[in-house]
Amino acid sequence: YEKDMNRMSYLLNGKSGVIYLVGGEPLLCEDVNEVCKITRRAFPESRIILLSNGLLINRMPEEFFEVCREESIVVAVTKYPINFDYDKVIERLQKEGLEYDYMRMSDEGCTFNKYVLDLDGKQEAYDSFTNCGMANQCHLVKNGRIYTCSVIGCIEHFNKRFDQNLEVTEDDYVDIYSVKSGEEMLKKLATPAPFCRYCDVHARVENLPFEISKKEISEWV
């Protein structure tokens, strides 16, 4: 992670408006403190937001809060409509003097979107890319690569769970160690990826009610 952040800092001259530290749940990462420090060293002026469901906040050791204060890490909490006292989480963040925010402000606002996948990959990649709100907007840095959206970088989990083979090729990401400049990297990220043929953007469904996943493929296709 440190190597990747240093490389990204070099390519972007140490400047990035906002960086999100996400998961899964980032507070499950044993090295979350070091991740925060590394990110801040690489991007000294950026707004760094740790996105958490908040469930572990009150169990975190004092060192975590010290690091967040020292490195100016914003803790953003996603408020789900579950039996959990989010007020105590906010009280703790206030007590620790941290900047915080809600990703969702109310239970009524906690909805989901269904990003429909075309398993046969018969969509027109350019059309999918240009009509997608995530394309070139939801970049994911992972294992030496940066993706134009997080779906491509995380599809391995879908493939494994449902025994599928939605293919990710070298043209679907940018190797941050192969590009010679940030300009070259950004140009590639702004280009439709071949993987976009798997996304049926016109069939997407928004504002679905909150519910627990049944872990069925029907939730994705």
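Two strands count as paired if DSSP finds at least two bridges between them. Helices (H or I, at least four residues) and strands (E, at least two) are DSSP runs, numbered from the N terminus. This is a predicted model, in which local features need pLDDT of at least 70, side-chain atom pairs count only at pLDDT 80 or more, and totals for chains, interfaces and linings use all residues. Residues are numbered from 1 along each chain as its sequence is written, and side-chain values use heavy atoms, with hydrogens and water left out.

**Stop 1: the three-stranded sheet**

Select β6, β7 and β8. They form an open sheet in the order β6-β7-β8, with antiparallel pairing. β6 (140-142) and β8 (174-175) are the edge strands; each has a single partner strand, so one side of each lacks a neighbour in the sheet. Next, pick β7 (residues 145-147), which pairs with β8 in the antiparallel sense over two bridges. Show arginine 145: opposite this residue, in β8, is aspartate 175.

**Stop 2**

**Stop 3: the four-stranded sheet**

Now select β1 to β4. This open sheet runs in the order β1-β2-β3-β4, with parallel pairing. Its edges are β1 (18-21) and β4 (100-102), each with a single partner strand, so one side of each is without a neighbour in the sheet. Zoom in on β3 (residues 73-77): β3 and β4 pair in the parallel sense over three bridges. Valine 77 has tyrosine 102 in β4 as its bridge partner.

**Stop 4: α2 against α3**

Finish with α2 and α3 (residues 62-70). Their axes are 10 Å apart and meet at an angle of about 10 degrees, with axes being lines fitted to C-alpha atoms, for helices over the stretch in contact, and angles running from 0 to 180 degrees between N-to-C directions. That makes α2 roughly parallel to α3; angles under 35 degrees count as roughly parallel, over 145 as roughly antiparallel, 65 to 115 as roughly perpendicular and the rest as oblique. To see the contact, show Val32, Asn33, Cys36 and Lys37 in α2, which meet Glu63, Phe64 and Val67 in α3.

Technical notes:
Contact means heavy atoms within 4.5 Å.
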